Structure formats: C-alpha cells, structure tokens
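Dear colleague,

Please find the structure below, handed over for your records. My notes on it follow directly after.

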Amino acid sequence: MDVQTLTYIIVGFTFALYIGIAIWARAGTTKEFYVAGGGVHPVMNGMATAADWMSAASFISLAGIVSFTGSDGSVYLLGWTGGYVLLALCMVPYLRKFGKFTVPDFIGDRYYSNAARTVAVFCAIFICFTYIAGQMRGVGVVFSRFLEVEIETGVVIGMAVVFFYAVLGGMKGITYTQVAQYCVLIFAFMVPAIFISVMMTGQVIPQIGFGSELVDGSGYLLDKLDGLSTELGFGAYTEGRKSTLDVFCITGALMVGTAGLPHVIVRFFTVPKVKDSRISAGWTLVFIGIMYTTIPALASFARVNMIETINGPEMTGTAYAEAPSWITNWEKTGLIEFNDKNGDGKMFYSGDERNEMKIDRDIMVLANPEIADLPAWVIALVAAGGLAAALSTSAGLLLVISTSVSHDLLKKNWAPNISDKQELTYARIAAAVGIVVAGYFGINPPGFVAAVVAFAFGLAASSLFPAIIMGIFHKKMNKEGAIAGMVLGLTFTAAYIIYFKFINPGANNADNWFLGISPEGIGTIGMIVNFVTAFVVAKVTDEAPQEVQDMVESIRFPKGAGEAQDH
Amino acid sequence: MSFESKEQADKYWKENLRIMFKLLAIWFVVSYGCGILFIEQLNTITFMGFKLGFWFAQQGAMYVFIALIFVYVKKMNDLDKKYNVEE
C-alpha cells in the first residue's frame, strides 16, 4: 500500500474515533460544557492537558527549531515545561479551591470589579485567537502535504471535525477526545524517534541515545555534531549564541506565559478535589516531558542525518542527480530549495558562503521518517499525530473563547438573567463563530502568524499571571492596583512587540532592543512592570475589603472545596 | 473557619509558603542557574556523553521539574493532614 492510502486510512480512523467519543460524551448542562461536570480523573486530566498544551507548533516545529539553533533552542524546552512548576505550586490548587469556571471569573471576583473581569476577558480572547490561527494553518499544511488536497480543503475538514466535538461536547467531549489525541500524538512522535535512535546509536531510548556513541564508530553523537557544525560555519551545536540576559528573559516570558494561559489553567477546574488538581499538574508534566525530552534527542539525530545526506560522507557534497526522493518530494512544497552556485551539480549545506541549500525548519519532524527511510506506515502515523496535536489545542482554545463570551461577558456582565439552557446555547453559538473566524485565518493567514506567538505569551505573562499570583498571595491587593498593573503591563509589552514586529521590523535587532532583550523575552519585563505598578497603586489606595480578604484566606487550604460552583 | 484557631491557620500558611519557596529555589537553580547562567562553566564537565550545562538545559531540568511537582504533592498532602484541613 502506498503512503497516501495508508495516511487516508490512519487519519480516517482517528477522526472516526474522535467523533465517536464526542457522541458518547456530549454535554447537557453548562457545568458539563465548561468543566466536564468536575469529575475528571487526575491522570486523565493530565493526559488531556498535555494534548491541550502540545500544539501543532510543538509537534511539527519545535524539534526543527532546536535542530537548527542547538543550545539556543533550550529556551523553549525549559520555558514550556518549567511553567508547569509555577502552575502546580503557585496557582492550580488555589484556583481549584476558589471553584469557578474561568480565569476572568477569578479575576472579576477577587478584585470585586467588572472592569477587571473585562480586562481579563479581553486578554483571554486575544491570546486564544492568536494561538488558534496557527493551529488551523497547521492542519491545512499537514493535509496538503500528506493527502495532497488544497490547504483550504484541509482547513475546512479540520474545522468540521473540531466543530462537531467542541460544539456538541463542550469540555466533557473535549476532555475525552484529548485523551485519545494524546495517545495518537505521542505514539506518532515516539515511533520514528525510537527507530532513528536505534539506527544511529543502537539505543532504544532516544534520551539515552542522545548521549551515546554512534554505531558507525565516529564517536559520541554530540561531539560529532559539534565538529560538523563548527566545520560548516554554524558554530558549535552545544554552545549558545544569544546573550545570557536575553535567554534569561525569553525563558522567563515563556514559563510565566505558560502559567498564565487560560486554556491550560481552566483544565484544572475539571478535577473533583484540590488534592487532585495538584497531582494532575504532575501527571501533565510527565506526559509533556515524554515528548519534550525526546525533542532535543530527535533534533540532534535529524541534524546529523540531514547534513550527512546532503554533504555526503566525504563532506564534499552529493550529486543532485542522485538526491534521495525526500529532497525532491519536499522541493515541490517549496520547503527545500537547491541553488547550484558553484555549478558542480552537487548539493552542499553550510552556514557560510559555500551554502547552496535553503531548508525550512518545519520539515525536520515531517520529513524525518523519509530522511531515515522508515516504513510507509510510520510516515502516515506522523500525519495523524500532527493533526491530533493541532485539533486538540484548537478545541481547548475554542472552549475558552466560547466560555468567555457566554459566561464572562453575557452571564456575568450583560445579561445576568439568562437561564442555564440559554447560556449553553450561547456558548455553542460562540464556539461555532470562533471556529469560523479561526478557519478564516487558517485559509488567509495574516503574514504575522509566527510573530504573534511571542504576543500570546508576552500578554499572558504581563497581564493574567501577575493578577492571579497577587490575588492569591497578597490578600490586601485591591482592584485599583490589579487593574493598573494589568493595563500598564499589557500596554508596555504590546507596544514593544508591535513596534519591533509590525511598525519597524527593520530595527528588530539587538542594537536597538531595550537592554538587548528581544520582543520574545519582553514579557518578563512586562510582568515586572505589572507587579511594580500594582504595588505602588495599592499603597496609595484603600486595601481590599474585609470580605474579599476572607475569601482569599479561604482558598488557601483545601477543606470544603466541593465541586466547581456556578455562584 | 476550618482551622482550630487563627494561629493554626497562620502556621499552616507559613509552612505552605516554606515548602513552596524551597521547591521554587531548586526550580530556579536547575533551570536559570545550571541551564542558563552557569552553562558555560558546567559545559567544561562531561556527563554521560553530554556537556553538563547543555544536558541540564535540554534534559536534566525537565526531569527535576517533574520530581519537584510530585514532592510538592506529597508534602502538601501531609501538611493538610497535620492541620486537619484535607478534603
């Protein structure tokens, strides 16, 4: 059977599975729609959160980024896992005890202010939309490469599937589908990684193969990679090139941003007890860690493999006429380009003027099975895994968008008298509208999709995270402080990113940056701005009212949590 | 109030914070310390085929993160029992 038929079968099977689960787990009440009825087992929730978190970018792009940047790529690995320690230790148990449905719920109640709630809703919706556009695009790319349909058709199919299970099932449907999607995506990621590890180092576990000697007797993998990279003018793979302060700030913004992302936080409202929410964060990181510790291993295997395939064993280049089929396959998509500069008919890849290749980072995971010559079913599996990653994240984000509209804006602000049934209908309508908007951006991607990722994390880091932390750990913090902090932190971060990414991209280099901090890392400074502003403003205004301080006291211990409450 | 007294509540919160800050200190050292600030110094040491700083940044820190959360869960569950505030 050829790759395409196999891909149709495997992808078709996984889609049927997701829809089957959606029908079985459809939501009947707002509580089921928002927090899956609050009865999800902590390990299951861990798996679902991991799938929710690991997006098309994690699955498709991250190994490629690490592969091309070596040590500098560590910021993503550290940032996107370290944030869970903050979530588990400083946020999740308290928010679960507080026991509401959404992040704006907490901010609105804790700061006794609908203005604070509205600022939080705005942040949540903005963060989710920037994120979801990238996911839909990912669905389209996978479809067009592996099933050879138009990107537009791919996006529409993806929209239809998400529509079906997110609108029908709400959080309940999403949770159980995400468990299935986690299984699909981790299997799809690990199988090629294990194959390649065995082929190159003889080790079954990629994390161990990463530090092992190569089977062809050319020494340790990383030593070889350092040697190759230096020789080809890329600089040693295991040494960084970014400034320490910038690396520090980027890691900080990604960690804190992760801990402030509403679609992740809300998942911990679905478990029955405070105790469960703590352990659930642990399981989440275990499930994420399986993939995230494999990514750097895979990145280095793929790097060596690719350089050797293109430059040949003698490092003098391989004749283009004898190029392996994956090069010509991917050339069609425009992700690989060959420009025979010296006219010798041979391909050569390097980081200096000898270079004749243009290779897109994103192909490292998608083309890896082909580069390593793995069986056709593995290639089909990778397609299904990429789709699972994109769909699971889209669904989680859509849910936040729909809850923000139906619960935080309508029920809590504009139309407090609607019934549970009406609220549920509005939630479904909001989810449907959200999908259509996301699909539109997937088909007509704004040129800045990659740039807005920095945006999502920067905003979460500089707005929601400090407000939540102060809400828990500083009981006297008042609404004036919190709102001023959010607004100033957000404005500062947004202005910095907009200036360097959209208004004056030509100036986007270390010489012009504030203290040499890139737009990706500025969220860390925005967070500090938020904290400082909040403390100063709170100092000169009245402290939070006694009943709010009592409420903060009561979320600091587990007893009496009960289930997530409507009021 | 679920605690026997105000003092009990304050003591519980103090112990809670102590556990949290201790674990966060380790979190900071393995990620920002070993993986970023002192990576060059640690890279002079070889560890199981890796440069140590590089290993922390791309492997070790993540294993420590997972361990930290499970230690936290254990300590907090014990603390809840001690003060009789578990669910």
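Why is helix α6 (residues 103-110) of chain A largely enclosed by the rest of the structure? In this predicted model, seven of the eight residues of that helix are buried, so the rest of the structure largely encloses it. The buried positions in α6(A) are V103(A), P104(A), D105(A), F106(A), I107(A), G108(A) and R110(A). Just after this helix, Y112(A) adopts a positive phi of about 35 degrees.

Helix α8 of chain A, covering residues 151-201, contains 51 residues. At 1.5 Å a residue, a straight helix would reach 75 Å, yet the end C-alpha atoms of α8(A) are only 37 Å apart. Just after α8(A) comes G202(A), with a positive phi of about 75 degrees.

I turn next to chain B. Its secondary structure consists of three helices and two strands, and their order along the sequence is α-α-β-β-α. The radius of gyration of chain B is 18 Å, whereas a compact globule of 87 residues would have one near 12 Å. Taken along the principal axes, the box filled by the C-alpha atoms of chain B is roughly 55 × 20 × 15 Å. Of the 87 residues in chain B, 33% are buried. Among the contacts in chain B with a separation of 6 or more, 54% are between residues 24 or more positions apart.

Finally, there is the matter of how the two chains meet. On the side of chain A, 40 residues are in contact with chain B, and on the side of chain B, 36 residues are in contact with chain A. The elements of chain A that give two or more residues to this side are α5 (74-98), α11 (244-259) and α13 (274-311). Of these, α13(A) gives the most, with 12 residues. By residue type, the side of chain A that touches chain B comprises 21 nonpolar, 14 polar and five charged residues.

With kind regards

Conventions:
Residues are numbered from 1 along each chain as its sequence is written. Chains are lettered from A and ligands numbered from 1 in the order in which they are written. This is a predicted model: local features need pLDDT of at least 70, side-chain atom pairs count only at pLDDT 80 or more; totals for chains, interfaces and linings use all residues. Two residues are in contact if their C-beta atoms, placed from the backbone, lie within 7 Å. Helices (H or I, at least four residues) and strands (E, at least two) are DSSP runs, numbered from the N terminus. Ala, Val, Leu, Ile, Met, Phe, Trp, Tyr, Cys and Pro count as nonpolar, Asp, Glu, Lys and Arg as charged, and the others, Gly among them, as polar. The expected span of a helix is 1.5 Å times one less than its number of residues. The radius of gyration is taken over C-alpha atoms; the globule rule is 2.2 Å times the number of residues to the power 0.38. A residue is buried if 20 or more other C-beta atoms lie within 10 Å of its own, exposed if 12 or fewer, and partly exposed in between; C-beta atoms are placed from the backbone.
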